[in-house]
Amino acid sequence: MSLEESIEEFRYKGDTSICPFAKLLNTLNEADKNAALKAIEKNIPDVTLASALRKEGYKIAEISISQHRKKLCRCQKNE
């Protein structure tokens, strides 16, 4: 397999208009969504929020939260 084929195999093929954190927010119930947004407002560390979300069964990385918080994520770039 060539490098080009490997890159294509691993390239994300889902919705690229919003970032992973925004996608996760869209799946949360209202109370959890509000809690996550409140954590962002209160500058709760990314690692703390990501750990709490993972404990609740959600798949999210600290970097996804960090990029969203800093407005460097793809959903900010698509505005």
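This is a predicted model: local features need pLDDT of at least 70, side-chain atom pairs count only at pLDDT 80 or more; totals for chains, interfaces and linings use all residues.
Ground rules. Local features need pLDDT of at least 70, side-chain atom pairs count only at pLDDT 80 or more, and totals for chains, interfaces and linings use all residues. Residues are numbered from 1 along each chain as its sequence is written, and side-chain values use heavy atoms, with hydrogens and water left out.

Start with H2, residues 20-27, and H3, residues 30-41. Helices here are DSSP runs of H or I, at least four residues, numbered from the N terminus. The two pack at an angle of about 145°, axes 9 Å apart. Axes are lines fitted to C-alpha atoms over the stretch in contact, and angles run from 0 to 180 degrees between N-to-C directions. Who meets whom? Phe21, Leu25 and Asn26 in H2 meet Lys33, Ala36, Leu37 and Ile40 in H3; contact means heavy atoms within 4.5 Å.

Next pair: H4 and H5, residues 62-69. Their angle is about 125°, with axes 8 Å apart. On the H4 side, the contact includes Asp46, Val47 and Leu49. On the H5 side, Glu62, Ile65, Ser66 and Arg69 take part.

Now zoom in on Asp46, in H4, residues 46-55. Buried or exposed? Asp46 counts as buried, because its relative accessibility is 18% (buried is under 20% relative accessible area, exposed over 50%, partly exposed in between, with a 1.4 Å probe and protein chains only). Beyond four places away in sequence, Asp46 touches Glu62, Ile65, Ser66 and Arg69.
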